[in-house]
Amino acid sequence: MAQEKKYFGQAEVGFLYGRGEEDWDGNHVKRFDVTFMTFNGVHITKNHVLGFSTGLDQYEDISIIPIALGWRAFLGKDDKPKLFGALDLGGGSAVLEENYSDEWSRSWYEGGLLISPSAGFSFPAKKGKTALSLSIAYKRQAVTYFQGTLSQPGSQSITSDLLPPGFNSMNEKNYLYRSFVCRVGLMF
Amino acid sequence: MKSFNSYLSLFFLLSVLVFSSCQDEVNSSYTYRTMMPIYLEMSDVRARIISIEPAQPLDNPGKIYIYGDYLFINEPTKGIHILNNENPASPKNLSFIPIPGNVDLAVNGNILYADNYVDLLAFDISNIDKIHLVKRVEDVFKHLYTHATGEIITFRDTVITTESPTWGFEDGGGWLMNSSISFSANYSAAAQSYGTGGSMARFTLSNQHLYAVDQSTMRVFNVENPSDPTFVKPIDLGWGIETIFPFEDKLFIGSNTGMHIYDASTPNSPTRMSVYSHLQACDPVVVNSDYAFVTLRNGSSCWNGANQLQVIDIKNLFQPTLKKSYPMLNPHGLGLAGDFIYITEGIHGLKSFNVSDVMNIDQNQLEFLTSEKSVDLIPGPKSLIVIGPDGVCQFDYSNPAKLKKLSCIQVKNPVKFY
């Protein structure tokens, strides 16, 4: 099991496709956004790679930076097109989203759990170690939007587990984006 | 074997892809504070026997009344804490009188008056270890009744979570509204004025009569026989009444639009002498024989107010005139002891002034303790009692230019600035 090289990198761009919740008229709003992904890992065996993936996912107005632990597995002969599978598990960060805060209220986003299994083909270049990759994936990303009004000075405080301290009300909107992903990129 | 494993994993991945739905899920929850109405039958309230309980920690102190060596500290809507204050440097918590709906108190001789929702109670406190109820005057604070049926509504501050942010009635019967703007919040804020005996009092005793003011009415009780208070009559005052301060045979009533002066020389029927109006602001009043000192404050429940100390000439009680006003930071309560005035400046601290020259009060500031955040105060015979976020603190004020902190009673929910 001689390993030619330890490092494995991957960069892909593509689109996220999803259907929003059912509207009042039974239709679904379609979601179609861009996604960018890079993966850096090491071969643990000839056909298995473990590493970290990150990138940028756009969900309508919300930009999420996914940060995940990733696994890649390959099937096929060297220098021939290979079938590969992948699993990324981690979370999304909403740092790109602007937090809003004033005298009366605050609002912010928090990213949540990210799960993304994928499968695809890699086509090795005739020379060198790089390969073209095509993949499809499923991506499940949780995002939460918080919007709270602050307790005004002088109002009595109330101890409750339901409200964070200092807030008078809290509107919590949980989005669970389930997307189909199509990507193209390079493996190196 | 290796390739079998790989096939298996790929199969697993593909099956996940195939079986997972691609539809988003959005759900929201709305968590908010509200006032949950609680309906009470006065007959049930009256049926409960009030017996003295052992000392309880101070949770959320309201008004404070000094009675000899004792401090009576109201816990709004819950009852009255009794503390032994023989040594102001170390007050001792003695006992607690559970009085539901209680927001105010006053002591006349050996009789303690306290409101119990719509009723006025009189307790014999001649033996502090054996306090007992001697009289209940029923149905006097009638504005608390919701119907003529003897039912009252109280509100409990509650946090509720719902799935839908629809405004309206929910199954739980909660009122979906922002508690800070609701009427009941105003009500509870009103119930939270601090310190009877202080400048924000709502019960006051004068000329063997007990005067109780609520937002719009003054109720007069004859207490010539202290253990047998009798309700005389209500007097309509107009809206926004906040405090009452007796001086000689006059009553100075602070409202959020001005100061009313009532002649109480006929104690059972005070008559209005004059009204001194100013901008809307929150304004406790203290008085000496020539001047009334009023603080105006800009606060959440007092609109477009200025932050001022106003000196009003009341030599002619029918024609009070503004003598001078001094800018202040955010004055909440004030207390007058001889020639010295003490002002609580909210988060800014505690001030003392010599007011013997009313035209130059600003030049006679004696002390400004910026670290003593404070809401109200009472100049007591032994100590200056200051209520603030640190609890109930006592100062030695024998030298008004050098206030010396004696003690602080810790409280669970200290006073907030409003």
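How many aromatic pairs does a search of the whole structure find over all chains? The search finds 16, where rings of Phe, Tyr and Trp (its six-membered ring) pair if their centres lie within 6.5 Å, and planes under 30 degrees apart count as stacked, over 60 as edge-to-face and the rest as tilted. The model is predicted, so local features need pLDDT of at least 70 and side-chain atom pairs count only at pLDDT 80 or more, while totals for chains, interfaces and linings use all residues. Residues are numbered from 1 along each chain as its sequence is written, chains are lettered from A and ligands numbered from 1 in the order in which they are written, and side-chain values use heavy atoms, with hydrogens and water left out.

One of the pairs is formed by Trp108(A) and Phe146(A). Their ring centres are 5.1 Å apart and their planes meet at 20 degrees, so the pair is stacked. The pair links distant parts of the chain, 38 residues apart: Trp108(A) belongs to strand E7 (residues 105–124) of chain A and Phe146(A) to strand E8 (residues 131–150) of chain A. Strands (E, at least two residues) and helices (H or I, at least four) are DSSP runs, numbered from the N terminus. Trp108(A) counts as buried at 13% relative accessibility, and Phe146(A) is buried with a relative accessible area of 13%. Here buried means under 20% relative accessible area, exposed over 50%, and partly exposed in between (1.4 Å probe, protein chains only).

The charged end of Arg106(A) sits over the ring of Trp108(A), 4.7 Å from its centre. The term applies if NZ of Lys or CZ of Arg is within 6 Å of the ring centre and within 35 degrees of the ring normal. In chain B, Lys351(B) lies over the face of Phe368(B), at 4.8 Å from the ring centre. Back in chain A, ring pairs join Phe8(A), Phe39(A), Phe74(A) and Phe84(A) into a cluster.

Chain A as a whole has 0 helices and 9 strands, and along the sequence its pattern is β-β-β-β-β-β-β-β-β. Of its 188 residues, 44% count as buried. Among contacts in chain A with a separation of 6 or more, 61% are between residues 24 or more positions apart; contact means heavy atoms within 4.5 Å. The accessible surface of chain A comes to about 9,800 Å², and carbon and sulfur atoms own 61% of that surface. Accessible areas come from the Shrake-Rupley method with a 1.4 Å probe, and for residues only the protein chains shown count as cover.

Asp79(A) lies in the loop between E4 and strand E5 (82–93) of chain A. Although Asp79(A) is not a glycine, its phi is positive, at about 65 degrees. The residue is exposed, with a relative accessible area of 69%.

The structure holds 3 cavities of 30 Å³ or more, and about 90 Å³ of space lies in the largest cavity. On a 1 Å grid over the protein atoms alone, a cavity is a set of points where a 1.4 Å probe fits but cannot get out, and lining residues have an atom within 4 Å of a point. Grid points are joined across faces, edges and corners, and a volume is the space filled by probe spheres set on the points. Residues lining the largest cavity include Phe36(A), Met37(A), Asp57(A), Leu114(A), Lys139(A) and Arg183(A). Two or more lining residues come from each of strand E2 (28–43), strand E3 (48–59), strand E4 (62–75) and E7 of chain A. E3(A) gives the most, with 3 residues.

Chain B has 3 helices and 31 strands. Of its 418 residues, 55% count as buried. Among contacts in chain B between residues at least 6 apart in sequence, 49% join residues at least 24 apart. Chain B exposes about 17,500 Å², with 53% supplied by carbon and sulfur atoms.

Tyr117(B), in the loop between strand E8 (111–116) and E9 of chain B, has a positive phi of about 50 degrees although it is not a glycine. Tyr117(B) is buried, with a relative accessible area of 11%. Leu121(B) is found in strand E9 (residues 119–124) of chain B and is buried, with a relative accessible area of 0%. Leaving aside neighbours within four places in sequence, Leu121(B) has contacts that include Ile50(B), Ile99(B), Leu112(B), Leu133(B) and Arg136(B). The C-alpha atoms of Leu121(B) and Glu138(B), 17 residues apart along the chain, are separated by 8.6 Å.

Note on methods: 1 Å grid on protein atoms, 1.4 Å probe; cavity = no way out; pocket = protein on both sides within 12 Å on 5 of 7 lines; lining within 4 Å.
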